[in-house]
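This briefing sets out selected features of one protein model for use in computational work. The points are grouped by topic and follow the display below.

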Amino acid sequence: MQTTLPASLYGGPEAWARERAAVFSRAWLFLGHEGEAATAGDWIAADVAGHRLLAVRGRDGALRAFHNVCRHRAGPLVQGAAGHCDGELVCAYHGWRYALDGRLRAATGFGAAAGFDPREHGLLTVRLETWRGLVFVNLDSGASPLSSHVAVLDGLIAERGLEMAAPALRRSHDLACDWKVYAENYLEGYHIGSVHPVLAEELGSAEYRVRVDGELVVQEAVGVNDGPQAGVWAWLGPNMGIIVERDGGMIERMTPVGPGKTRLDYLFLNDDGAEALGGALEASDRLTAEDAGICEAVQANLSAGAYDTGVLSARHEAAVAWFQSRLAEVHG
């Protein structure tokens with residue numbers, strides 16, 4: 001029988017710092033869809049576990065990733081989730097200007113300084129690769145190629161015939177819980193009967209299967225009727241979920257933004273626009289509200305001090321056990 005991770009690892013600053021360095025500084029992080037930065041000067045940005053990152057489309061058509069930090073005194077280059085700049089990135093603090101390929105174009109008003117070479121003060125680059133239109137970044141220059149990380153998921157997507165169209169709609173939600181609380185909730189269907197009554201009714205007597213395949217967790221309701229939730233759910237650590245349903249697909253970015261704080265960004269994929277999402281959008285809003293409520297309640301109890309560890313069901317929580325085993329290695 002496997003016990004859970006101790007409550008002290010959920011929402012504490014020490015655990016946050018360790019996971020930020022050992023997990024999110026070494027993994028392929030899902031950033032967004034390249035269709036969100038389609039033309040020169042378009043950019044997308046995110047704060048992932050304290051790493052403030054951006055990807056911008058260059059004049060040559062290439063998409064490049066950088067830390068969202070000016071080399072002068074750490075001012076931000078862009079603010080928000082997505083936008084457009086006219087040919088250059090400009091620091092909001094002192095106006096230093098950078099070309100879209102990261103070169104320092106002008107240290108605005110800086111003046112003469114002995115030993116100052118603009119060529120040595122370009123933006124800090126981040127490794128970027130794309131897969132089926134999705135943009136991933138990795139702070140570890142020695143990490144294995146993205147293709148190896150997504151190989152199993154690529155086979156699943158090919159089997160389901162999902163096209164990664166540019167997002168028809170993006171929605172965001174802020175949760176007052178540790179990222180692990182939300183991820184663990186995502187990795188099991190054990191809670192469906194208690195937390196998601198409408199979904200439970202839709203699933204009926206369907207067999208709910210969860211399997212771990214490499215770095216991918218796949219959940220599927222076998223025998224479900226063709227309702228809005230008929231489909232397959234997958235999680236690719238550390239921060240991406242993907243759902244293939246009757247009315248289209250959805251990509252979910254699960255972003256830890258601080259100890260005990262998580263941000264969800266949903267990218268709804270549909271070639272026919274947001275109006276064609278149908279029941280999938282309504283179901284998503286309902287499920288998110290239900291999951292947010294229970295995850296925040298769990299976080300409150302983890303932080304209250306009475307609970308330390310629990311037990312995991314071999315029948316229902318094998319993927320949670322796998323996830324927690326990986327995190328146990330991080331925390332020694």
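In this predicted model, the side chains of His-331 and Arg-18 form a polar contact at 3.0 Å. His-331 belongs to helix α7, which spans residues 318-331.

- Beyond its neighbours within four places in sequence, His-331 is in contact with Leu-9, Ala-15, Arg-18 and Glu-19.
- Helix α1 covers residues 13-22, and its axis comes within 10 Å of that of α7, with a crossing angle of roughly 100 degrees.
- Because of this angle, α1 counts as roughly perpendicular to α7.
- On the α1 side the contact is made by Ala-15, Arg-18, Glu-19 and Ala-22, while α7 contributes Leu-327, Val-330 and His-331.
- Sorted by class, the residues in the contact of α1 with α7 are four nonpolar, one polar and two charged.

**The seven-stranded sheet**

- An open sheet with antiparallel pairing is built from seven strands in the order β1-β10-β9-β4-β3-β2-β5.
- From one strand to the next, the twist averages 30 degrees.
- Strand β2 (residues 42-48) pairs with β5 in the antiparallel sense over three bridges, and Ile-44 stands opposite Ala-82 in β5.
- Helix α2 (residues 146-160) packs on this sheet and touches β9 and β10, its direction making about 25 degrees with that of β9.
- Strands β4 (residues 63-67) and β9 (residues 125-131) run antiparallel and are joined by two bridges; Ala-65 has Val-126 in β9 as its bridge partner.
- Five bridges join β9 to β10 (residues 134-138), again in an antiparallel arrangement, and Arg-127 stands opposite Asn-138 in β10.

**The three-stranded sheet**

- A sheet of three strands, also open and antiparallel in its pairing, has the order β6-β7-β8.
- Its edge strands are β6 (88-90) and β8 (104-106), each of which pairs on one side only.
- Neighbouring strands here are turned against each other by 35 degrees on average, with direction ignored.
- Strand β7 (residues 97-99) is paired with β8 in the antiparallel sense through two bridges, and Arg-97 is placed opposite Ala-106 in β8.

**The loop between β14 and β15**

- Asn-239 is found in the loop between β14 and β15.
- With a relative accessibility of 1%, Asn-239 counts as buried.
- Leaving aside neighbours within four places in sequence, the residues in contact with Asn-239 are Phe-24, Trp-28, Leu-29, Phe-30, Val-48, Glu-252, Arg-253 and Met-254.
- A polar atom of the Asn-239 side chain lies 3.0 Å from the backbone nitrogen of Phe-30.
- Asn-239 and Pro-167 are 72 residues apart along the chain, and their C-alpha atoms are separated by 18 Å.
- Pro-238 lies in the loop between β14 (231-236) and β15 (240-245) as well.
- The peptide bond from Gly-237 to Pro-238 is cis, with omega near 5 degrees.

**Positive phi in residues other than glycine**

- Ala-74 is not a glycine, yet its phi is positive at about 70 degrees.
- Ala-74 is located in the loop between β4 and β5 (82-84), and its relative accessible area of 53% makes it exposed.
- Arg-132 likewise has a positive phi, near 50 degrees, in a residue other than glycine.
- The hairpin of β9 and β10 has two residues between the strands, and Arg-132 takes its positive phi there.
- Arg-132 has a relative accessible area of 33% and is partly exposed.

Definitions and conventions. Residues are numbered from 1 along each chain as its sequence is written. This is a predicted model: local features need pLDDT of at least 70, side-chain atom pairs count only at pLDDT 80 or more; totals for chains, interfaces and linings use all residues. Side-chain values use heavy atoms; hydrogens and water are left out. Two strands pair if DSSP finds at least two bridges between them. Helices (H or I, at least four residues) and strands (E, at least two) are DSSP runs, numbered from the N terminus. Axes are lines fitted to C-alpha atoms, for helices over the stretch in contact, and angles run from 0 to 180 degrees between N-to-C directions. Buried means under 20% relative accessible area, exposed over 50%, partly exposed in between (1.4 Å probe, protein chains only). A polar contact is a pair of N or O atoms within 3.5 Å; within protein, one must be able to donate a hydrogen and the other to accept it, and residues adjacent in sequence count only if both atoms are side-chain atoms. Contact means heavy atoms within 4.5 Å. Angles under 35 degrees count as roughly parallel, over 145 as roughly antiparallel, 65 to 115 as roughly perpendicular and the rest as oblique. Ala, Val, Leu, Ile, Met, Phe, Trp, Tyr, Cys and Pro count as nonpolar, Asp, Glu, Lys and Arg as charged, and the others, Gly among them, as polar.
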